[in-house]
Every structure is written in C-alpha cells, then in structure tokens.
Amino acid sequence: MGKHVNGPAGGLTILEGLDLEIDAGEAVAILGASGSGKSTLLSLLAGLDDASAGEVWLCDRRIGDLDEDGRAELRAGRVGFVFQNFQLLPTLTARENVLLPLELTGTANAAERADSALERVGLTARAGHYPRQLSGGEQQRIAIARAYAPRPSVLFADEPTGNLDQQTGEQIIDLLLDLRQASDAALILVTHDPRLAERCDRRLRMRDGRLETLA
Amino acid sequence: MSAWRISLRLLRRDWRSGELYLLAAALVITVAAVTAVGFFTDRVEATMERQGSELIASDLAIQSSTPLPETLADEAKTRGLSTAQTLEFRSVLVTDQTPQLVNIKAVDSAYPLRGELRIRANADTQDAPAPQGPPAGEVWLESRLLPLLQIQIGDRIKIGETPLRIGAILTREPDEGRSFFNIAPRVMMNTADLKATGLIGPASRATHRLLIAGDAEAVARYRDWIEPRLAANMSAESASEARPEFASAVERAARFLHLATLTTLLVAGAAIALASHRLVERQTDAVAIMRCLGAPRRLLTRIFLLRLVLFGLIASLVGCLFGWLAQAGLVGALSDWLGEDLPPASAAPIVTGVATGLICLLGFALPPLLQLTRVTPLRALRRDIGGPKAPAALALVAAGGALALLILWQAQDLSLAWKLIAGVMGALVTLVLSVLLLVRLAGRLTGRVRGIWRLGLAALARRPSGAVLQIGGFGIGILALLLLAVVRLDLLHAWQDSLPTDAPNYFLINIQPEEVEPLRDFLAEAGIERAPIYPMIRGRLTRINAHEVEPSDYEDPRAERLATREFNLSYGTEPQPDNRIVAGNWWSGEEAPPQFSVETGIAETLGIALGDRLTFWISGHAVSGPVTSLREVQWDSFNVNFFVTASPVLLRDEAATYITSFHLAHENEGLVAELSRRFPSVTPLDVDAILGQVRQVIDRGVLAVEYVFAFTILAGLLVMYAGIQASLEDRRAEHGILRTLGTGRRALLGSLAVEFTAAGLLAGLLASIFAEATGWLLAEQLFELEFSFNPWLWVVGVLGSGLAIGLAGTLATYPLLIRPPLQSLRQAG
C-alpha cells in the first residue's frame, strides 16, 4: 500500500510499499518522528482517506470498494477513535458526547451503555459537564468512553497522550489498554512515546514512509 | 435511531449551548415584523374601509338612473345585510321670492347606514347628530337656503304639490361630497312624502341609490352576486372607488407599512445570513467527528434538514406570537381612532409569517449547512483541512432567490418589488467592491504606518471575506437606522406636509364669469389669499383619434362610466402646482396651438396615449386637439384638479363656469352665509369631513409605520452584533498568539479600535449613500413626495457609525484581551 500526494513543490511520497496485517484483539503501536506518516497511515487504515496504491481491508471489507457513505457505515459501531486533541463536541455534555455514536448507529439501550462507559472511565459524577468544564485528562477519558461505548472491533488512537502531562498520560494509557482487554478490540496506537509503545503486543516504526518491525 | 429523534435531540442541545440564539433572534424579529404588519393591516384595512364607508353612508352603493328592482334589496336582506334607499333629483323651490334650483334627496328611515347625519334645530344652536333623516311631513335644508328664500325654521315650503314643514338645518350628510360638481343647495325629505309631491314619474331624471352595509365578506359576496346583474345604467361603488382622495391616502399608508416590513425583512435577512455563516463555521468539527463515528452523508443531510426546519418552525411560531402581541400593542395605541370593535385578526398572517421564516432560513442557511455534510472525516485528525465552502453561485442563487421571492410576495406591487430587488442587488455589489477596495488600501497602508495603526489595518487586510461580512453587516445595520431617519424625518413629514393644516376645506363651484373678479375681491377682503380660480367647461369625450368612444368599448366599469359622462375640462397656461408632467411637455403661453394634457390614471383607463387626438363635444360642437402631455395628479392635496386640461386657444371661447378651493378656518364659517348672500348662484361645498378623514389616515399611518420600524431598529442592531461576532472565532486564536508573542494589551486594544473605526467609517459612508439614494427613490418614484437631501444624515451616518462601531466592536472584543493567552489558544483549538 502507498500514499502519494501532489503539492505545489511537486509529488511527494508519504507511504510506500507497506504490508501490514493486524489481528482481532491485537494491540499495535506505530512509532515515528513527526511528519513520518504515522497519522496518514492511521487515516488510511480507518478509511478516512484513500490509498494511492494497494488496498486496505477493514473488518473483512475492502475499503477501496466502498464510497464515502459505505465507509461511514462500515465504521459505524465497529470502529472507535481517540484523538490527540480529544475532539469532543463543545455543545454536548460529557454524557451526550458518549451517547452520540450510539444514537447515530441506533443502538438499543444507548443511555444505559453510555452510563456504563462513563462509569468505566470513572467520570459518572462529571456526566453533566461540558468539555470546557473538564481538565485535559478528563476530556480524554470521556473521549475513550465515547470510543468504547459502541463496543468496537477496532480502536484507532492518534497520539492520545500528546496533549497531556506524563502522569495523566500514563493513566490514560492504562485505561485504554484495560478497556481494550475487556472488550477484545484491536488497538492501533500512533505515538512517538517509546514507553507507551512498550505496552503493546507489537511495535512498528515509520521511517521515510516505510514500516519496520521493532523487536 | 431515527433522524427525527437525533435532530430533535441535537436541536435541544444546540439551543441549550447558546449556538442558535443569534439566528433565532434574527428569525423571530423577521417573522414578528411580517406578522405584526399582517395582523395589523388585516384589521386596519377593515377599519379604514369602514371609515371610508362613512363617506358613502354605506359599505356599497348601487346607483341607477331608473328605479332599482326590488329583488336587489330583497337579496341583500336575505343575506343578512342592512339596506337603505335614497333618491336624488333636482327641482325648483318657489316662494314669494325668486325660484331656487335645489338638489332634493329623499331618504328612508334606515338612512344613513354608515356615518353621521348632523342637523341644527335653529340657526343659532350647535349642530347635533340625527339618528335618521327627516320624519314624514318635514324637510331639512342647507343653511344658505334660508336667506336666499327668506324663510325660517318652522315655515312651510312647497315641494312639488306638497307643503312640508322646515324642521331643521342640515349641516352634514355623510355622502354629501358624492356629486361633487354642479350641485345646487341641498334639501332632504322623507321618501314617504315623495309620492304626494308628484315630482317623480317613471321618466324623471333622478338618481336612485340602494345602500348596503354589513359584514365585509357578506358585502363582498353580495357584490359578486350583483355585478353581473347590473344594467348598463347601473353601477356599484365601494368607498375607495367613490372617494379617490381617501383611497389614495389609504394606499400610501399601506405602502409605507409594507415598505417598513420589507426593510425589516432585508435587514433581518442579513442578520440571518451572518448568523448562519457563524453557525456553519462552528459546526464543521462536529460534522467531521460524526462522520468519523460512522454517520453517512444521507443521515447527516436528513438530520440537518430536519433540524433546520424544526428550528425554523419553532422560531417562526414564536415570531408570530411576538407579532400578534406587537399588533395588539399597536391597536391599543391607536384605539381612539380604530375604535373598540375592531374585527379580530385572521389566521392568514400566521401562515405568511411561518412561510417567510422558513423561506428566509432555507434560503440563507440551507446551502452552507448542506455543504457541511461534505466535510471529510479526515478533518478530525488534521485541523489544517478547512471546511468545504458552499459553491458561491449556489449560495447566491439560494439567498438571492429567497430574498426576491419574499420581496415579490411582501411588496404586493410588482414595479416596487423589481425596483427593490434591483436596488438590493446593486447595493450588495457596490458593498462588496467597496470593501475589497478598502481591504486593498489597508494592505498598502500597512507598510507605511506603525504601532496600533499597523496592527489594526493589517487585521482588516488579512481577512478580505471576513471584512466583507463584517462591514456588510455594519453597513446594513446602519442603513436600517439611517433609512428610518430618512423615512421618519423626510418622507413621513413630506407626507404630512402634503396635506398642510391650511389645505383647502371649501370648494366654490358654479361661479359665473362675471362673478370671478368680484368673488376674488370678496375672498381677498376676507383675508383668503390662496384661492386660485379655474375655468371649467363641460364636455363629453366622443373620439380618440378616428375611433368613436362607445361605453361598450370598455370592459372596466369605471371606463364605461367615464365614456358616458361629461368631463370637467379646464384650460390654462401653467399646470396646477401639485401636478407632475410624466410624459411629453406642457405648452407655453396663451397662444400655444390647440392641445390637451391628460391625467395618467384616466389616460390608462380609457386607453389614451401621448399623441392621440381627442375630440370633445362641447355645447353642440366638436373641439379637438392632440394629447401633448400626461400628468400625475396628487388627488389627496384637495386642490382643484382636472382630468383633462387644454391650451387656452382651444377652450377660452367656450361657455364656462369657474371653480376655486380655499381654506376657511372654523371660526370664520359665517363667511359662507355672507358669500351665499352676495353670490347666490355660487355653490359652496364643505369638504372638511373628508379632509379630516384623510388627515387621520395620514397621522395614524405615520404612527403605525414608526411602530413597525421599531422592528427594523432591532434587526439593525442585531445585524451589527452579528457582524462583530462574525470575526470573534478568528480573533480568539490571533490574540492568543499576539499576546504570547509579547504584544501589549493596550496595543491590541488600540489596533481593535483602529480596525473597527475604519470598518465603521466605511460602513457609515456606504450606508449614508444608500440611505439617501433610497430615500430619494422612494419619495420620487413611490410616494410622489418632495424629497430634500439632508446634510445631517451624512455627518451622523459617517462619523456616528465610525464612533459607535469603533466603540462597540472594541468593547465586544475586549473580553478576549483580558483572558490569559493560553485560554484563548486552547479555546480556538
């Protein structure tokens, strides 16, 4: 698989010759310096962007065969996201943010599942708060609750501790891995933090648009 | 979960977060203005119609030169309508003195159905209302007949074969001004005595009238029933048809009200556009995340559409409620004029209001909102990917289409609507070009100035599209306020001045040629300076070019009547002061070749064009000439006016009577009796009642228009607020960075003041130009009023708005400066 873009300064190859398979329930860390193509890889794996060459399969479906709406439907309920900058909707409370993916997919017992997800991340007491009233760590815990509430098969996390101090970051990683284990979802974690990567089943490094497996 | 439930939930959450307040306020104001005017005009038109009805003593008058079939009255009665019958004819009263031609009106006991009949029990007492006409065996006379015939109240006079007792002096008949010209002194009697007089036979020349009054809808339905049953010599008239002066004033009042609504609509439309723009900007991230979470486009489209329609419906219904309350307040403020028993408002304005709200919202907000569904989910990972922009053409077509549709619908006047649409589009183009020019100028100046000037001008130059939106918002807001000033100070005053306190309230007709000079002296002695005396010649229009004029040529009943009746023609060297030549040219001098000048309304009705040759039959011979000019006549000025005027050579040798009008103060009314004694053949006609009605329409109309303009002010302030808010998001990040880099708070404050003041000055300048141009156009084109340019408007418009917007913008943005830079950066994402 590869990704090539054309810019004002000519063509640029971001990813080249990638061959990667991730099993159900596996936790994979993708390491790399800034600009190495980690996030691009994540967006291709999640079907948020198109590969220039090769193909991507997600949950037994070839993404290239699907249009935008087909990919959205594929993601619905099966894929969760945790972003570096949390990406909570500012107009919704913590609980409503967790409810959103469940409502969009028409999940039964959405309210109970949202409440249980909030309980798992230890923020039941903050359910009625808006994102601006929460600390960075709390916001990321809400984002994790949102990602796990639909019980996804795959969870993509893009630098989930990038905006947090070390101690909070570690708490967030604990929470992510605990929930992953409990739900048996695959976790694809993009980070430049080697300590975080240590805790995953497999570690890969992006360098010059290529992937290498770390011992 | 259905799109319905998600839409409802998201709507509730958006509302709670305050995201929708601005849009809701803009929408509520728009709908409230439209419905308030709708409810109000709905009810007031009924009242005005009723007041007009007082001028014809009924809601509808059926007139005929032969007795009216009984079936007409019977049908009216079975429809629950009230009826009355009158019969007018001329006769001569003979006493020991000279014989006197009089106009006799026989009325039944139901007369008058509308308006007030007033009489004086004797010559010295005040007049008082009389519930009905004279009882059988009695007559009431106009006061000037007493000295002319040397008779007293209580005397008996013979009408035909029957002696009748003079019971009172007739001071006011509601429909006295009806037969305006050539009326002799008036006498009123009871229909019961008519037969005994022996004056009326089957072939007598008389005017039979059946008066109808009742519920407006029932009257309208009756009219629909009767129109096809009217014979050639019969006609049906409502108040507005019978009294052009009144109809003209009511029409202007309605035009002013619709104009006020339209202004509000345009200004609030700008606020809706700005608020939608901001809403869309703030929703971009939310959509990207929802797409990441698996929401397909069609679901998002459904959600956005439903949410918008639901929001539009709720806000419009709230707007309707405010509109109804505002209308109730206005009705309360005008209760002395409108009376207590105003008909209830119909539900139609609610439909109009909700439809207006939805059209506005869908036109301005739907294209950018639907475009939101195209946001790539990748934006959730990469903030550098901007939101998709709605294709400019689509957004323009939708917004322009919505505006044009609303203008066409609300203006209720196609030519006004097109002018407005052209004006608005022209103004928008000028606005955008001017702002882009300013942005470029600011960019050039940035390199040459330092400190806060540099920061402020650079801020303007950095965001051309933001500047267009912001200055556009300010400009439209100020334009609303200035337009209000123009309409309030100039147009409404001009309207009130068009009927000055000394507007003519008396007409003198039937002045004989030899009486012209003595009468002029008499009036001058009495201190009446302004009483121009015009010659009047009766003539029937027989030909237009080679075509014989036949009543059957015309389908329009008014045209048909005009083709049968005699015109009052006049001649002169100058057009009347309140006439305006709209086509062709007026002739010059006494010896100008034979030609006519025709009033535009009648020219249109009869199909007369410039250059046509008219032939009139006057005293047994034909007089003809070409039409060389068309005139607009201000009928509600109460000056003497003519449909057709000729150059002097054409008519000066014809037998003429003369006519004048003048203002007579109430305390000098004794002059009329003196005048009747000195000039017995001259007929004075008191038009004070109709003058009063017209004045009342103007005064209350002005008040109602001012009231509706309160909505325009609100909309104007809102659009300016929206203009300031439009740039807040960008500024948050910018100020965070600038402060982090060490720019002082004072310098930032100064740069804000420079930026907003520059924006305010430009917006003020543009708004002043548009306001003056609009005022001039409205006065000249729409209301036919004198317009004077107002230098203060420019001073207040330009300097005032520079100051006000400089201050308001700086103050509104100040909270960004006092919060820690990190907080601004975090909030900006």
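## A salt bridge across the interface

A:E68 and B:R291 join their side chains in a salt bridge, at 3.7 Å from N to O. The term covers a side-chain nitrogen of Lys or Arg within 4 Å of a carboxyl oxygen of Asp or Glu. Between chain A and chain B the count is eight salt bridges.

This is a predicted model: local features need pLDDT of at least 70, side-chain atom pairs count only at pLDDT 80 or more, and totals for chains, interfaces and linings use all residues. Residues are numbered from 1 along each chain as its sequence is written, chains are lettered from A, and side-chain values use heavy atoms, without hydrogens and water.

## Extent of the contact

Chain A brings 30 residues to the contact and chain B brings 29 residues. Contact means heavy atoms within 4.5 Å. About 2,700 Å² is buried between chain A and chain B, and carbon and sulfur atoms give 60% of that area. Buried area is the accessible area (1.4 Å probe) that two parts lose on being put together, summed over both.

## The side of chain A

On the side of chain A that touches chain B, the elements giving two or more residues are α1 (38-45), α2 (68-75) and α3 (94-104). The largest share, six residues, comes from α3(A). Helices are DSSP runs (H or I, at least four residues), numbered from the N terminus; strands are E runs of at least two.

## A:T91

A:T91 sits in the loop between β6 (79-82) and α3 of chain A. Not counting residues up to four places away in sequence, A:T91 touches A:E96, A:Y130, B:R13, B:D14, B:R16, B:S17 and B:E19.
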